[in-house]
Amino acid sequence: MCGIVAGVSRRNIIPSLLEGLKRLEYRGYDSCGVAVLQRGEARRVRTLSRVCALEADARAAELDGLTGVAHTRWATHGMPVIDNAHPIFSGEQIAVVHNGIIENHEALRQSLTEKGYEFNSQTDTEVIAHLVHEHYCGDILAAVRNATRLLQGAYAIAVMCRDEPNRVIGARQGSPLVVGIGKDGVFLASDTFALAGCASRFIYLEEGDLVDINGLDVQICDAQGQAVARREIAFVQHALGTELGAYRHFMQKEIFEQPVAVARTLATIVDLDPLQVGMPREGELADVSNLLMLGCGTSYYAALTACGWFERFANVAARAEISSEYRYREHVSQGNTLVVAVSQSGETADTLAALRYAQSMGEERTVAICNVAASAMVRQSRWAFITEAGAEVGVASTKAFTTQLVALFLLAIVIGRQRGRVSQSEAVVYMRQLAALPDALRNVLAREPEIMAWAEELYQKEHALFLGRGTHYPIALEGALKLKEISYIHAEGYPAGELKHGPLALVTDAMPVIVTAPNDVLLHKLKSNMEEVRARGGRLFVLADSDTGLKSGPGVRLIRLPAWFGPLSPVLHVVALQLLAYHVACLRGTDIDKPRNLAKSVTVE
Ligand code: G6P
């Protein structure tokens, strides 16, 4: 998704801007660009290639200046072509970078065209540049304020003006923007991580805020134009950081970091109380009888997996909703509801909007499960549980997912305790199982060679079916999602019991069927479903707990995982499926960390 880096520096700002863009590459993009104010001119380079190509172009063009704006673009309005790449100029005077979607851009474009403005791109961003230009009378802050008043939709922008060489204006509404202060300058970016190399103190802008970076001075004003002081935070460098080390890809590294990520997440728990921000009083969740979980993509599957845990441990009616669907449905209040927003980034536009929608419908008890402590969802929620996965760079989520599962499991136990459904001694048993999870994960990771052998058999297929039951049905969905995201093989996840209601028609020896088979109460049902596949000549690839008694045989390839791990079993099986997707993608030679068309952090609707 689009990423912004901008600022004013004491020295040539180009290296800081390019390093920031490299740090934002993980979000996914299809073009990038940078502009600086240099000897009274706004100069830019843009490319449809990677940031390292932009770096070479900037060097060749001898870009050098103290003030600049830069961008990675993930196309929404207009194809990924150079004319649509940011920074977008109005004349030679105004340069804008933008993350978000301007919903009234067509009407604005028309009125600007009537006033004589010419459009050189298909982007919605160009209306911002021309509006700022139109309102400019010597003060770029005033011009941005007046221009943004006309915008509907979501935006985070950074704007500079040729005539005010030491000034950059930022504005946010619906998309994230953070100010970073370092010894050499003041910067703006889409996240703190982008500025980790050049800033040590950070200020998150609130909805409607404008920031004026003038030399090394920073002034923030709110939507009403009043000067405001926003809280400053220091940068926390994650031990699970962003160096690739000996790994081939970030996704591989992040898969292997899972034992540590889970252990670190568990280490944050004191007294079985994962709600760490604004601690709920003892019993504050005791009357919760409904749970509404909101998420997108992998985070939605984490929520779906957890439904079974909330039902079983807390005896609450739990439902997981896809945020982009829920936010446009009628909210039927069920009373005594806890709303849980599940999100790695805490910035996903649909989940944030869904959370706000639930709040606007009167749902006051909200908890965010996020991997980014300073994110919008954490700030929006009454409580938050911060997972400690560390920075996740690969677009396909792995360690964020397993730590979300840990968080949701804990929350189910906490609510179960408060509702008197889980006794203290049962809670101790579950905590012991959680504590054993990192080692169990290492055991699964040790199956990598066997999984690589499966990958050899699967990588030339064009379709795959993933089956599971109970809490392993969402794991089948997640396994299919991982495979399609990074290998581009068409894959579908199904509850195994649904096989005979449709997907069985697809089963031939050309359609591999991957089964997640824990030794749980549904095992004998699952065995029947596997027989259904075998009887039609289908080829099974079964991830089986060692105590299932399942064996390899004709048409059945089997990897033996550790013995059944109880209700936390989904956390183990999903890791094997992550590795499978990873090795299939390696053999197909795809761009694993930045799969085509996808973005890490989806901050537009
Ligand atoms: C994108 C990412 C996924 C992620 C989803 C939700 O689609 O590519 O990896 O699961 O967004 O993101 P969130 O930050 O809300 O978990």
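Author: A word on the domains before anything else: their bounds come from an automatic or database domain assignment. Keep in mind, too, that this is a predicted model. The assignment gives domain 1 (3-234), domain 2 (245-442) and domain 3 (447-605).

Let's take domain 1 against domain 3. Their C-alpha centres lie 43 Å apart. The contact draws 15 residues from domain 1 and 10 residues from domain 3. Interface size is often quoted as the accessible area lost when the parts come together. Here domain 1 and domain 3 bury about 960 Å² between them, with 57% of that on carbon and sulfur atoms.

What about the charges? The rule finds one salt bridge across this interface. R50 also forms a salt bridge with D591, where the closest N and O atoms are 2.9 Å apart. Two residue pairs are in polar contact across the interface of domain 1 and domain 3, both at pLDDT 80 or more. On the domain 1 side, the residues touching domain 3 come out as five nonpolar, six polar and four charged.

The side chain of H249 makes a polar contact with the side chain of Y582, at 2.7 Å. H249 sits in the loop between β14 (232-234) and α6 (250-256). Its relative accessible area is 16%, and buried means under 20%, so H249 counts as buried. Leaving out residues up to four places away in sequence, H249 touches L244, Y582, C586, I592 and D593.

Now into domain 1 itself. Helix α1 (residues 14-24) has I14, S16, L17, L18, G20, L21 and L24 as its buried residues. An α-helix has 3.6 residues a turn, so residues three or four places apart point the same way. The buried residues of α1 pack against β1 (3-9), β2 (31-38), α2 (51-60), β4 (67-73) and β10 (185-189).

Last stop, R167, which lies in strand β8 (residues 167-173). Is this arginine buried or exposed? At 10% relative accessibility, R167 counts as buried. Beyond its neighbours within four places in sequence, R167 is in contact with residues including V8, T67, I140, V159 and N214.

Technical notes
Residues numbered from 1 in each chain as written. Predicted model: local features only at pLDDT ≥ 70, side-chain atom pairs only at ≥ 80, totals over all residues. Heavy atoms only, no water. Contact = heavy atoms within 4.5 Å. Buried area = accessible area lost by both parts, 1.4 Å probe. Salt bridge = Lys/Arg side-chain N within 4 Å of Asp/Glu carboxyl O. Polar contact = N/O pair within 3.5 Å; in protein donor to acceptor, adjacent residues only side chain to side chain. Nonpolar A, V, L, I, M, F, W, Y, C, P; charged D, E, K, R; others polar. Helix = DSSP H or I, 4+ residues; strand = E, 2+ residues; numbered from the N terminus. Buried < 20%, exposed > 50% of the residue type's maximum accessible area, 1.4 Å probe, protein only.
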